Amino acid sequence: MSQVKENDTVKVHYTGKLKSGQIFDSSLEREPLEFTLGQGMLIPGFEKAVIDMKVNDKKTVDIPMEEAYGDVIKELFHKVEKTQLPPEMEPAVGLGLASRDAQGNEHQFRIVEVNEDHVIVDGNHPLAGQELVFELELVEIK
C-alpha cells in the first residue's frame, strides 16, 4: 500500500482543535480537504503530519505555533480612528474588517478593542500564537 510523499495530491478528513479541546474547524460534515503537498497551501505542521500516512490511516497530531500560524506579531496591531471607519459601522470586539494597501492587496483585521474615539485592530491570523491539535484521516492518495 502506498504512502503519502511530497507532491502527492491527497484527500484528508480533519478536525482542528485548540489545546483546550475547542474545535475551530472540521471537514467531517462536508467533503474531505483535497490538496497537493509541497505547494504551501496549508500550514507546515499539517503537511508534515500527512507525509507517510496510508489510505484509511488515522492519527492525532500536536502542531506547535511555529508550524501553524506563528507567534502573535505586535506590529500587526493598529490604532484606527473611528472617523476612518464607515459611518454606518457599529464597532464591536471580534468584528472583521478588510482594507486595501496602496498596491491593492487586501488585508484582514479583527477589532480587539473599542475606545471612545478609536479602535485597535489585529492583523494576525486568528489562530496565531496557538498550538493546534488535528485529528486526521487519510481518505485518498491521487
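Tutor: The side chains of D62 and K19 form a salt bridge, 3.3 Å from N to O; the term denotes a side-chain nitrogen of Lys or Arg within 4 Å of a carboxyl oxygen of Asp or Glu. D62 belongs to strand 4 (residues 58-63) and K19 to the loop between strand 1 (9-18) and strand 2 (23-26), so the pair ties together parts that are 43 residues apart in sequence. Strands here are DSSP runs of E with at least two residues, numbered from the N terminus.

Student: What kind of model is this, and how are residues numbered?
Tutor: This is a predicted model, in which local features need pLDDT of at least 70 and side-chain atom pairs count only at pLDDT 80 or more, while totals for chains, interfaces and linings use all residues. Residues are numbered from 1 along each chain as its sequence is written, and side-chain values use heavy atoms, with hydrogens and water left out.

Student: How many salt bridges does the structure hold?
Tutor: The structure holds 12 salt bridges. One of them joins the side chains of D122 and R110, at 3.0 Å from N to O. D122 sits in strand 8 (residues 118-122) and R110 in strand 7 (residues 106-114), so this pair connects parts that are 12 residues apart in sequence.

Student: Is D122 buried or exposed?
Tutor: D122 is buried, at 6% relative accessibility; buried means under 20% relative accessible area, exposed over 50%, and partly exposed in between, with a 1.4 Å probe and protein chains only.

Student: Which residues are linked in a network of salt bridges?
Tutor: K11, E34, E140 and K142 are linked in such a network.

Student: Now pockets: what is the volume of the largest pocket?
Tutor: About 170 Å³. On a 1 Å grid over the protein atoms alone, a pocket is an open set of points where a 1.4 Å probe fits, with protein on both sides within 12 Å along at least five of seven lines; lining residues have an atom within 4 Å of a point. The volume is the space filled by probe spheres set on the points.

Student: Which residues line the largest pocket?
Tutor: The lining consists of Y14, F24, D25, L33, L42, I43, F46, Y69 and F134. Eight are nonpolar, none is polar and one is charged.

Student: What does the side chain of D25 meet in a salt bridge?
Tutor: The side chain of R30, at 3.0 Å from N to O. D25 is partly exposed, with a relative accessible area of 28%, and R30 is partly exposed at 44%.

Key. Helices (H or I, at least four residues) and strands (E, at least two) are DSSP runs, numbered from the N terminus. Ala, Val, Leu, Ile, Met, Phe, Trp, Tyr, Cys and Pro count as nonpolar, Asp, Glu, Lys and Arg as charged, and the others, Gly among them, as polar.
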